[in-house]
Amino acid sequence: MRSSRRARFVHFLLLAVVAAFALFPLLWMLSVSLMAPGEASQFPPPMLPDKPGLSAYSSLFETTGITRYFLNSLLIATLGTALSLAFNTTAGYAFAKLRFTGRDRIFQLLLPALVIPAQVTMLPLFLMLKEIGLINSFAGVLVPVTASIFGIFLVRQYALSVPNELLEAARIDGASEWRIFLQIVLPTLTPIIITLALFTFLGVWNDFMWPLIILTDQEKYTLPVAIAALSREHVQDNELMMAGSVLTVLPVLLLFLVLQRYYMHGLMAGSVKG
Amino acid sequence: MTRRAQTGWAFAGPALAMLTIFFFVPVLLAFLLSLTDFDLYALADFSDLRFVGFGNYSELFNTPLFWKALSNTFYFVIVGVPLSIGLSLGAALLLHGLTAKLAGFFRTALFAPVVTTLVAVAVIWRYLLHTRYGMINYGLESLGIDPVDWLGDPDWAMPAIIFFAVWKNFGYNMVILLAGLQTIPSDLYEAARIDGANRWQQFRHVTLPGLAPMLLLVSILTMAGYFQLFAEPYVMTQGGPVESTVSVLYFMYEQGFKWWNLGVASAVAFILFLIIFALTLIQYHFASKRGAA
């Protein structure tokens with residue numbers, strides 16, 4: 001496309017403005033987290049720390065018990081990812097490649113259910129988990145994460161492209177169905193497994209409302225629940241809160257940067273689901 | 001059953017069982033629960049539970065705070081969704097003309113807020129919006145504008161939350177719309193230019209129609225997401241000031257898990273579901289009439 005120098009200048013100027021809008025809050029969070037106590041509570045607000053230091057981080061670790069919340073989040077997100085992969089890759093493969101009674105009808109019933117907001121299930125789910133004693137447990141947090149319609153759909157679309165001849169050849173050789181799944185199907189599904197793992201991990205790590213409801217004991221809090229509680233206690237302590245935000249956001253941001261290609265694939269696949 | 005059919009159920013069964021027990025059954029139970037007076041007493045002893053028909057619904061329609069929550073949420077959706085999609089579209093257009101390498105860099109930068117943890121970035125924004133030493137008021141002051149009590153003024157709290165929400169999620173739709181832009185054949189633009197169409201006319205008659213299916217999809221997804229407003233008011237304003245940021249889900253959370261009125265809260269959840277469902281159908285119907293879907 002031909003464009004004049006001025007048009008190109010305006011184009012890059014607008015890009016820079018939008019990029020600054022997107023990144024400034026994140027960069028400033030990092031900057032404030034490195035300030036000395038009280039440094040951020042003045043006017044005009046400082047852009048950069050006078051003497052960058054880790055005092056906010058050390059008081060975060062010493063006074064708030066953040067290590068515990070971080071490990072809780074890590075454990076829950078990791079377990080949730082493992083469970084989601086176990087349930088959804090098997091089901092996605094079955095819906096793509098195995099024939100069983102009612103398969104297509106069930107699949108057609110699953111898709112419209114994507115419009116049901118998860119919050120509708122939260123109240124009855126809370127009562128059900130109370131009956132079986134899973135309130136205030138990691139298992140309770142994980143229950144709605146295990147099987148997901150989105151996950152099944154994502155894997156199924158990808159598994160459709162696994163060649164049938166490959167599966168038939170293995171069956172003729174006498175391989176069991178589990179062996180075919182583990183040794184032939186799973187390796188070909190690797191990219192979509194990474195995508196699903198990434199989506200689940202980020203989803204569980206970032207989730208707020210359900211852990212807030214189900215976790216009553218402070219010891220069991222995940223990072224978002226703990227950050228929300230801390231932000232009510234430490235309203236004035238900006239450096240500390242920004243350090244807590246950095247610690248919460250950084251792991252998912254890094255994961256996204258490393259695995260961005262897989263993330264975008266899932267996003268596009270998810271967006272054609274409607 | 002043949003061996004294959006058994007295998008099929010063995011592979012799909014566990015996931016379907018989990019979905020049934022922990023998703024489909026709770027959806028049905030939510031509706032039943034909304035027809036009962038389930039409260040703190042019933043929580044202690046199920047025999048206190050009574051069937052009240054649509055009593056919870058009629059009670060809600062007589063509760064001023066419920067109407068306030070509905071209107072706050074509609075405000076958030078009606079202003080926030082077009083703003084968000086507009087910015088997504090603008091950003092996608094800016095990225096579209098770039099070389100692959102530059103587009104990749106900017107796409108990552110603009111997408112970053114989407115993957116961040118909502119609660120953590122809400123804390124950042126609460127600080128950015130601080131009346132006395134927030135960066136936003138500082139920026140306004142240097143333009144000669146008086147400081148605004150963003151999260152403390154009932155007129156400004158919701159706009160501030162909308163501003164934050166748009167920042168958080170515009171990158172998502174930007175990526176979808178960018179992919180849509182790349183599917184519009186360049187000869188269409190060529191033909192429009194030969195016919196003497198200027199940039200605006202090209203946008204109006206080539207870009208927008210080409211993006212129509214994607215815009216429909218993006219607006220349905222965004223609208224459904226925006227109706228689920230919860231963490232922002234929870235962290236930034238706790239529903240205040242003077243209930244100006246109480247959203248439907250915030251109201252549901254307080255009814256359900258603060259006052260333990262689980263019957264009423266279920267009715268709230270169901271009304272929210274029906275609203276989202278109805279608006280999705282309307283949008284879809286409206287778009288398919290115009291040939292977009």
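# Notebook: chains A and B

**Chain B overall.** I began with burial in chain B: buried residues make up 54% of its 293 residues. The model is predicted. I then looked up the secondary structure of chain B and found 13 helices and 0 strands. Read along the sequence, the pattern is α-α-α-α-α-α-α-α-α-α-α-α-α. I took the extent of the C-alpha trace of chain B along its principal axes, which is about 75 × 70 × 35 Å. Next I checked the contacts in chain B with a separation of 6 or more. Residues 24 or more positions apart account for 67% of these contacts.

**Helices α4 and α8 of chain B.** I picked a helix pair in chain B. Helix α4 covers residues 64-96 and helix α8 covers residues 157-182. I noted an angle of about 40° for their packing, with the axes 6 Å apart. Angles from 65 to 115 degrees count as roughly perpendicular and those under 35 as roughly parallel, and α4(B) and α8(B) are therefore oblique to each other. I also looked up the hand of the crossing of α4(B) and α8(B), and it is right-handed. I sorted the residues of this contact by class: 22 are nonpolar, 8 are polar and none is charged.

**Helices α2 and α13 of chain A.** I turned to chain A for a second pair. Helix α2 (residues 55-63) and helix α13 (residues 238-258) of chain A pack at about 80°, and their axes are 8 Å apart. That makes α2(A) roughly perpendicular to α13(A). I listed the residues in contact. From α2(A) they are A56(A), Y57(A), S59(A), L60(A) and F61(A). From α13(A) they are E239(A), L240(A), A243(A), G244(A), V246(A) and L247(A). By class I noted 8 nonpolar, 2 polar and 1 charged residues for α2(A) with α13(A).

**Aromatic pairs.** I counted ring pairs next: there are 51 aromatic pairs over all chains. I opened the pair F95(A) and F107(A). Their ring centres are 5.5 Å apart and their planes lie at 45°, so the pair is tilted. F95(A) sits in helix α3 (residues 66-97) of chain A and F107(A) in helix α4 (residues 103-110) of chain A, so the pair ties together parts that are 12 residues apart in sequence. I checked burial for both rings. F95(A) has 2% relative accessibility and counts as buried. F107(A) has 9% relative accessibility and counts as buried too.

I then opened W125(B) and F164(B), an aromatic pair that is tilted. I read 5.7 Å centre to centre and 45° between the planes. This pair links distant parts of the chain, 39 residues apart. W125(B) belongs to helix α6 (residues 118-128) of chain B, and F164(B) to helix α8 of chain B. I found both W125(B) and F164(B) buried.

I also followed ring pairs into a cluster. From chain A it takes in F126(A) and F208(A). From chain B it takes in F230(B), Y234(B), Y250(B), Y253(B), F257(B) and W260(B).

**T108(B).** I located T108(B) in helix α5 (residues 100-115) of chain B. Its relative accessible area is 16%, under the 20% limit, so T108(B) is buried. I left aside neighbours within four places in sequence and found T108(B) in contact with F256(A), L257(A) and Q260(A). I also checked T108(B) against V175(B). The two are 67 residues apart in sequence, and their C-alpha atoms are 9.7 Å apart in space.

**P124(A).** I located P124(A) in helix α5 (residues 119-131) of chain A. P124(A) counts as buried at 4% relative accessibility. Not counting residues up to four places away in sequence, I found that P124(A) touches P26(B), L29(B), A30(B) and L33(B).

**Q255(B).** I placed Q255(B) in helix α12 (residues 248-258) of chain B. With a relative accessible area of 15%, Q255(B) is buried. Leaving aside neighbours within four places in sequence, I found Q255(B) in contact with W260(B), N261(B), V264(B) and A265(B). I noted that W260(B) is also one of the residues in the ring cluster.

Conventions
Residues are numbered from 1 along each chain as its sequence is written. Chains are lettered from A and ligands numbered from 1 in the order in which they are written. This is a predicted model: local features need pLDDT of at least 70, side-chain atom pairs count only at pLDDT 80 or more; totals for chains, interfaces and linings use all residues. Side-chain values use heavy atoms; hydrogens and water are left out. Axes are lines fitted to C-alpha atoms, for helices over the stretch in contact, and angles run from 0 to 180 degrees between N-to-C directions. Helices (H or I, at least four residues) and strands (E, at least two) are DSSP runs, numbered from the N terminus. Angles under 35 degrees count as roughly parallel, over 145 as roughly antiparallel, 65 to 115 as roughly perpendicular and the rest as oblique. A crossing is left-handed if the near helix is turned anticlockwise from the far one by less than a right angle, and right-handed if clockwise. Ala, Val, Leu, Ile, Met, Phe, Trp, Tyr, Cys and Pro count as nonpolar, Asp, Glu, Lys and Arg as charged, and the others, Gly among them, as polar. Buried means under 20% relative accessible area, exposed over 50%, partly exposed in between (1.4 Å probe, protein chains only). Contact means heavy atoms within 4.5 Å. Rings of Phe, Tyr and Trp (its six-membered ring) pair if their centres lie within 6.5 Å; planes under 30 degrees apart count as stacked, over 60 as edge-to-face and the rest as tilted.
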